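This report describes the fold and the charged side-chain pairs of one protein. The sequence and the structure come first.

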Amino acid sequence: MSRRWLLAAALAAAAAVAAAGLVLQSGWLRERLRALALDAIERHTGSRAAIGRLDIDWLRLRFRVEGFRLDGRPRPGEAPLFEAARITARLSLRPFSPRRFALREVALEAPRVRIYHREDGSTNLPQPPGPPRRETPVADLVRLRIGLLELRRAHFELNGRPLGFDLRLEGFDL
């Protein structure tokens with residue numbers, strides 16, 4: 001009787017692991033996480049966003065977004081505030097740290113930032129909803145820690161004046 005019990009428990013555990021593996025790799029979960037990410041981005045920036053595709057490698061803790069766009073506040077004829085052909089992020093697990101995960105690396109392929117400062121003083125920069133924060137978005141960047149930050153074929157444009165560049169920062173810690 002105890003052998004059958006052990007065999008049944010082992011089979012149930014194997015079935016649970018297989019089911020979890022199927023769910024983690026399923027298109028349903030990937031689409032659900034993509035929708036949650038879009039909702040969080042739009043809620044926190046006050047701007048419309050788009051994600052073409054989200055891929056997740058759970059074993060390597062790697063996330064890849066293809067076709068990302070953040071509109072900002074464009075007027076007719078203006079391009080979106082930010083676009084990237086691909087964004088790849090890898091996390092590292094830190095079980096004994098208050099922050100359980102850390103950004104190990106972030107790579108942006110063909111990122112394009114376009115800022116318009118208009119004659120009436122307005123810009124295309126989004127205004128996050130809610131009460132004003134005590135800290136500026138720059139303060140969030142100052143606390144940013146990334147093992148490797150890489151921008152490939154980057155493009156920055158201010159009022160129609162373009163600047164193209166590549167950037168690689170290792171041990172990025174502000």
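A salt bridge is counted here when a side-chain nitrogen of Lys or Arg lies within 4 Å of a carboxyl oxygen of Asp or Glu. By this criterion, E109, E150, R152, R153, R168 and E170 are joined in a network of salt bridges. The model is predicted, and it holds 17 salt bridges.

**Overall architecture**

The protein has three helices and seven strands. Along the sequence these elements follow the pattern α-α-β-β-β-β-β-α-β-β. Of the 174 residues, 29% are buried. The accessible surface comes to about 12,400 Å², and carbon and sulfur atoms account for 61% of that area. When contacts between residues at least 6 apart in sequence are considered, 51% of them join residues at least 24 apart.

**Individual salt bridges**

Side chains of opposite charge can pair when their charged atoms come close.

| Pair | N to O distance |
|---|---|
| D71 and R48 | 3.0 Å |
| R86 and E66 | 3.2 Å |
| R75 and D120 | 2.7 Å |

The side chains of D71 and R48 form a salt bridge. This pair links distant parts of the chain, 23 residues apart: D71 belongs to the loop between β2 (62-70) and β3 (82-93), and R48 to the loop between α2 (27-45) and β1 (49-57). D71 counts as buried because its relative accessibility is 8%, where the cut-off for buried is under 20%. R48 counts as exposed because its relative accessibility is 57%, the cut-off for exposed being over 50%.

A salt bridge also joins the side chains of R86 and E66. R86 is in strand β3 and E66 in strand β2, so the pair links parts of the chain that are 20 residues apart. R86 is partly exposed, at a relative accessible area of 33%. E66 is partly exposed as well, at 23%.

R75 pairs with D120 in a further salt bridge. R75 is partly exposed, with a relative accessible area of 39%, whereas D120 is exposed, with 52%.

Definitions and conventions: Residues numbered from 1 in each chain as written. Predicted model: local features only at pLDDT ≥ 70, side-chain atom pairs only at ≥ 80, totals over all residues. Heavy atoms only, no water. Helix = DSSP H or I, 4+ residues; strand = E, 2+ residues; numbered from the N terminus. Buried < 20%, exposed > 50% of the residue type's maximum accessible area, 1.4 Å probe, protein only. Contact = heavy atoms within 4.5 Å. Areas by Shrake-Rupley, 256 points an atom, 1.4 Å probe, with all protein chains shown as cover.
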